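Here's a quick tour for anyone about to open this one in a viewer. Take a look at the fold, then come back for the notes.

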Amino acid sequence: MPTGTPRVFVSHLAGVAVFDPNGDQVGRVRDVVAMLRLAGRPPRVLGLVVEVIGRRRIFLPMTRVTGVESGQVITTGVLNMRRFEQRPTETLVLGELLDRTVRLVETGDPVTVLDVAMSQLPARRDWEVDKVFVRRGRTRALGRRGEALTVDWSAVTGFSLEEQGQGAENLLATFEQLRPADLANVLHHLSAKRRGEVAAALDDERLADVLEELPDDDQVEILGKLKEERAADVLEAMDPDDAADLLSELPEPDKERLLDLMRPRDAADMRRLMSYEEGSAGGLMTTEPIVLRPDATVADALARVRDQDLTPALAAQVYVCRPPDQTPTGRYLGIIHFQRLLRDPPFTLVGAAVDADLPTLPPDTPLPVVAGHLATYNLLAAPVVDETGSLLGAVTVDDVLDHLLPSDWRERELHGGMALPEAADGR
C-alpha cells in the first residue's frame, strides 16, 4: 500500500465489504484486533475480524490486507477459515475501546472515547492505532455536549485499566444498521461484561428483537443483568412465544416475579403458552396473529398487513373471527391469504372472502404433524383452534424450523457452523 494512505477511523470500517483481488466479496469487517503496548506506545493493529458466509467470524491479518480505501478492504485472496478466538493479549477496538472513559495526560480531565484512528507505518504493512477522537464530557450550561477533539494515542491514559460501567452509545451507533440477527452475532462475541453494557443501552424493542436471535444461555445471562422492571418490559416487547420460551428457562421464583411485573394481559398470554406441552402447536404458537371481524374490509386487512413490526410469516394471512378479536377469540370463521387480499376490491368484506375449508390445528398437535400440515398446504402459518372453535394463535414456519433444528443451532450459527480444519494464521 502506498505510504500516502490516509488515516482510517475504525468506526468507518464497521460493515465494510472485504474483497479478494478478483473483485469477489468474501465478507464484511466486524471489528479490528489490536495489541496494547506499554509506555504510551500506540497499539499495534494485528488484523480484522471478518464475517464470512454462514456468519462465521475469521481473523484476517493486516499483512494480508493490500488496500483500505473507498469503503472497501482488499485482501491477498488467501483467507484462513479457522474461527476467530480472541486471545488474552488482544483487544477488540470497536467492542472494547469505544465509550471508555480515559484521561488526558496533560490536564487529567476525563474524556469519553468516540472513535480511534489507525494508520500504516511507512514502507511497511504494519498498522498502529495512533489517534483517539474524544469528548471532554457534557458542559453544564443547557446540557450541551462538551468539546470533541482528536489527540495522539500518547496524549491519553487509562486504556489498560479495567473499565467499570462502560457506556455503549458509540458502539451502538457504529452498528445501528445491523439486522437483529447480525447484532446478536456482535453481542455473542463480546465479553460478558461488555455484552451486559451494550444490552442495557439498547431500547426495549431493539433488545427484544436481538434476544430472540441469541442462544438460550445468552438470553438468560442478559435478562439476569437487567433490573426486574426493565426485564419485564423487554419480555413484553418480545414475540409471546419467544418470551414464554425464555421465561421457561428461568428458576420458578424469578419467573413468577417477572410475570407479576408484566401487564396482566401479557402475563396471561405467557402463562397460557407455558401451560402447553413443549413442541406442541400450543407451545409453538404466537398469540398475536392478525385477527379481523367478518364486517371488516379488505382495505382494513391490508392496513394491518402493512405493519412493519410483523414478520413475513404473520403478514401472509389474516384470521377472521367473531368477537372478541383478541386471542382466545370468538368463533373462528376462516383465513384469508395475502394474495386474495390483493385480488379483491378494497371495499369487499373479509367475511365474504374467507377460506373456511383449510383444516385447523388443535393446541396439542405434535411438532411433526404441525410441520407436515404447513408443508401439505404450502403455508407460512397455520391457525391453532381449541375444541370450542376459538382461535388461540398461529404457528409460523420460522418457529417450527426453530424447534426442528438441533437445540444448539443458534450457537452453531453464531459461530459460523461446523469448525473447519485449523491452519496457521500468523498470530
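Predicted model: local features only at pLDDT ≥ 70, side-chain atom pairs only at ≥ 80, totals over all residues.

- Zoom in on Leu 13 and, once you skip its neighbours within four places in sequence, you'll find it in contact with Val 8, Val 29, Val 32, Leu 48, Val 68, Val 73 and Met 118.

**The largest pocket**
- Which residues lie nearest the centre of the largest pocket? They're Asp 209, Glu 212, Asp 239, Asp 309 and Thr 311, out of 40 lining residues.
- Helices H3 (180-188), H5 (204-211), H7 (228-237), H8 (240-248), H15 (397-404) and H16 (409-414) are the elements that each give two or more residues to this lining.
- Sorted by class, the lining holds 23 charged, 13 nonpolar and four polar residues.

**Strand pairing around S3**
- Strand S3 (residues 25-35) pairs with strand S2 (residues 17-19) in the antiparallel sense, over three bridges.
- Across that pair, Gln 25 in S3 is opposite Phe 19.
- The S2 and S3 hairpin has five residues between its strands, and Gly 23 there adopts a positive phi near 90 degrees.
- S3 also pairs antiparallel with strand S4 (residues 44-51), this time through seven bridges, and Val 33 is found opposite Gly 47 in S4.
- Strand S8 (residues 91-92) runs antiparallel to S3 and is joined to it by two bridges; in S8, Thr 91 is the bridge partner of Ala 34.

**A loop residue: Ala 352**
- Look for Ala 352 in the loop between helix H13 (338-343) and helix H14 (367-376).
- Is Ala 352 buried or exposed? Its relative accessible area is 65%, so Ala 352 is exposed, given that the label needs over 50%.
- Along the chain, Ala 352 and Val 298 are 54 residues apart, while their C-alpha atoms are separated by 9.9 Å.

Technical notes:
Residues numbered from 1 in each chain as written. Heavy atoms only, no water. Contact = heavy atoms within 4.5 Å. 1 Å grid on protein atoms, 1.4 Å probe; cavity = no way out; pocket = protein on both sides within 12 Å on 5 of 7 lines; lining within 4 Å. Helix = DSSP H or I, 4+ residues; strand = E, 2+ residues; numbered from the N terminus. Nonpolar A, V, L, I, M, F, W, Y, C, P; charged D, E, K, R; others polar. Pairing = 2+ DSSP bridges. Buried < 20%, exposed > 50% of the residue type's maximum accessible area, 1.4 Å probe, protein only.
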